[in-house]
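Open the structure in your viewer and keep the sequence panel beside it.

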Amino acid sequence: MAAATVLHVVAAAFLRPPHSLPRTKAKEPRLKPGLAFPHLYDNKLPVLGRGYGVGNRSFITCYVDPSTESRVSVLGVSQIKEKCSKWQWKGRYSINYFVSSSSSTNPPLLLVHGFGASIPHWRRNIDTLAQDYTVYAIDLLGFGASDKPQGFSYSMEAWAELILDFLNEVVQKPTVLIGNSVGSLACVIAASESSQNLVRGIVLLNCAGGMNNKAIVDDWRIKLLLPLLWLVDFLLKQRRIATAVFERAKQRDNLRNILLSVYGNKESVDDELVEIINGPANDEGALDAFVSIITGPPGPNPVQLMPRINLPVLVLWGDQDPFTPIDGPVGKYFSSLPSKSSNVSLYMLEGVGHCPHDDKPDLVHQKLLPWLAQVTAL
């Protein structure tokens with residue numbers, strides 16, 4: 001019973017605002033015909049649904065249609081691993097990365113996963129993107145098949161430095177960065193610090209506000225839980241407690257339940273996804289990485305970084321995200337950006353959770369591919 005309670009604190013209270021907390025009720029949207037997407041006729045449901053605008057945001061409503069699922073090409077984990085290579089970062093750390101080369105002259109893409117994930121989390125996107133772009137994907141230090149060094153102090157700044165060094169040493173071309181969650185924030189930091197024209201544009205999928213929720217101090221939900229978060233930090237620094245919590249959290253049934261709570265499309269939470277998260281969690285050093293990330297400093301805030309970025313930015317946001325809800329301070333900030341910055345485009349994805357690219361990839365591709373084509377033409 002005690003172990004289950006601690007797990008609930010870590011999985012629900014610590015990693016995200018709990019579902020039990022009240023949420024701001026969204027106003028009923030007004031449809032704008034000019035933003036509507038094409039429909040299929042003959043009394044069939046639309047492939048992607050109806051588009052509408054609310055204020056300065058655009059929404060895409062997704063209707064479930066089995067025919068759309070077959071349109072997404074999914075790479076198996078074994079296929080992805082076959083194309084992976086190792087790169088030595090700073091001459092000390094082995095970094096796992098994937099590349100699917102293309103003869104296209106379009107700028108390459110670099111995919112950066114979120115917390116607990118790894119390269120195979122892009123399984124539903126790589127094949128589609130690789131038709132017109134050379135696609136790189138990377139396992140951040142501490143995740144996937146990259147090193148998980150003992151005693152390393154993980155930080156957002158370190159991951160951003162890793163991304164820039166990878167672009168400089170491996171890709172060696174101006175690149176579009178595409179990130180999810182903390183991967184998005186790492187991309188924002190990298191783009192704000194790049195002084196060598198390494199970054200061509202950035203795509204943010206439900207961008208995190210920090211390496212952990214202690215960054216979101218302006219959210220009343222986090223303020224309410226802050227004392228509890230500090231208590232969890234203290235407990236996780238006790239090795240026995242941290243081990244018990246981590247072992248419990250990485251059990252497949254618990255992982256599945258957590259994933260189901262953050263995905264809008266429950267069918268996307270399959271056995272392969274659970275294994276993508278579970279496998280690397282059994283590596284040596286995974287526990288230390290988990291504790292360091294959860295208890296470490298949250299890092300730079302995107303609110304402070306985005307004004308420095310003049311590159312093209314595409315923001316895609318699942319409206320059912322319990323980790324970084326659109327009515328939270330980070331979501332509100334990004335939703336206000338298009339009216340202030342002409343280089344930023346934002347689309348809300350209705351019925352989508354924290355990981356849009358794997359949750360409902362069709363909706364992501366529908367907005368991502370035209371935006372990439374525009375960036376390429378610049």
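This is a predicted model: local features need pLDDT of at least 70, side-chain atom pairs count only at pLDDT 80 or more; totals for chains, interfaces and linings use all residues.

One definition first: a residue is buried under 20% relative accessible area, exposed over 50%, and partly exposed in between.

**The whole chain**

Show everything as a cartoon. The protein chain has 15 helices and 10 strands. Of its 378 residues, 58% are buried.

**Stop 1: strand β4 and its partners**

Select residues 93–100. This is strand β4, and seven of its eight residues are buried. Which strands pair with it? Six bridges join β3 to β4, and the two run antiparallel. Click on W87, then on I95 in β4: they are bridge partners.

Next, look at the turn of this hairpin. Three residues sit between the strands, and K90 takes a positive phi near 60°.

Turn on the side chains as you look along the strands. In a regular strand the side chains alternate between the two faces of the sheet.

**Stop 2: helix α9**

Select residues 252–262, helix α9. Colour N254, L255, L259, S261 and V262: these residues are buried. Where do they sit around the helix? Look down the axis of α9. The buried residues fall within an arc of 160°, so they line one face of the helix. An α-helix has 3.6 residues a turn, so residues three or four places apart point the same way.

**Stop 3: the salt bridges**

Side chains of opposite charge can pair when their charged atoms come close. The model holds 11 salt bridges. We visit three of them.

Begin with R123 and D358. Their side chains meet in a salt bridge, at 3.1 Å from N to O. R123 lies in the loop between β5 and α4, and D358 lies in helix α14, so the pair ties together parts that are 235 residues apart in sequence. Are these two residues buried or exposed? R123 has 1% relative accessibility, so it counts as buried. D358 is at 0%, so it is buried too.

D270 is in the loop between α9 and α10, while R124 is in the loop between β5 and α4, 146 residues apart. R124 is buried, with a relative accessible area of 10%.

Now pick D271 and R256. The closest N and O atoms of this salt bridge are 2.5 Å apart. D271 is in helix α10 and R256 is in helix α9, 15 residues apart. D271 is exposed, at 57% relative accessible area. R256 is partly exposed, at 25%.

Finish this stop by selecting R123, R124, D270, E272 and D358 together. Salt bridges that share partners join these residues into one network.

**Stop 4: S184**

Select S184 in helix α6, which covers residues 182–193. S184 has 0% relative accessibility, so it counts as buried. Use the distance tool on its side chain. A polar atom there lies 3.4 Å from the backbone nitrogen of N180. Which residues does S184 contact beyond four places in sequence? They are G179, V203, L204, L205 and C207.

**Stop 5: L368**

Go to helix α15, residues 361–377, and select L368. At 4% relative accessibility, L368 is buried. Leaving out residues up to four places away in sequence, L368 touches L129, I178, V203 and L314. Check the last of these with the distance tool. L368 and L314 are 54 residues apart along the chain, and their C-alpha atoms are separated by 7.8 Å. Now select V203 as well. V203 is in contact with S184 from the previous stop, and L368 touches V203 too.

Conventions
Residues are numbered from 1 along each chain as its sequence is written. Side-chain values use heavy atoms; hydrogens and water are left out. Buried means under 20% relative accessible area, exposed over 50%, partly exposed in between (1.4 Å probe, protein chains only). Helices (H or I, at least four residues) and strands (E, at least two) are DSSP runs, numbered from the N terminus. The arc is that of the directions from the helix axis to the C-beta atoms. A polar contact is a pair of N or O atoms within 3.5 Å; within protein, one must be able to donate a hydrogen and the other to accept it, and residues adjacent in sequence count only if both atoms are side-chain atoms. Contact means heavy atoms within 4.5 Å. Two strands pair if DSSP finds at least two bridges between them. A salt bridge is a side-chain nitrogen of Lys or Arg within 4 Å of a carboxyl oxygen of Asp or Glu.
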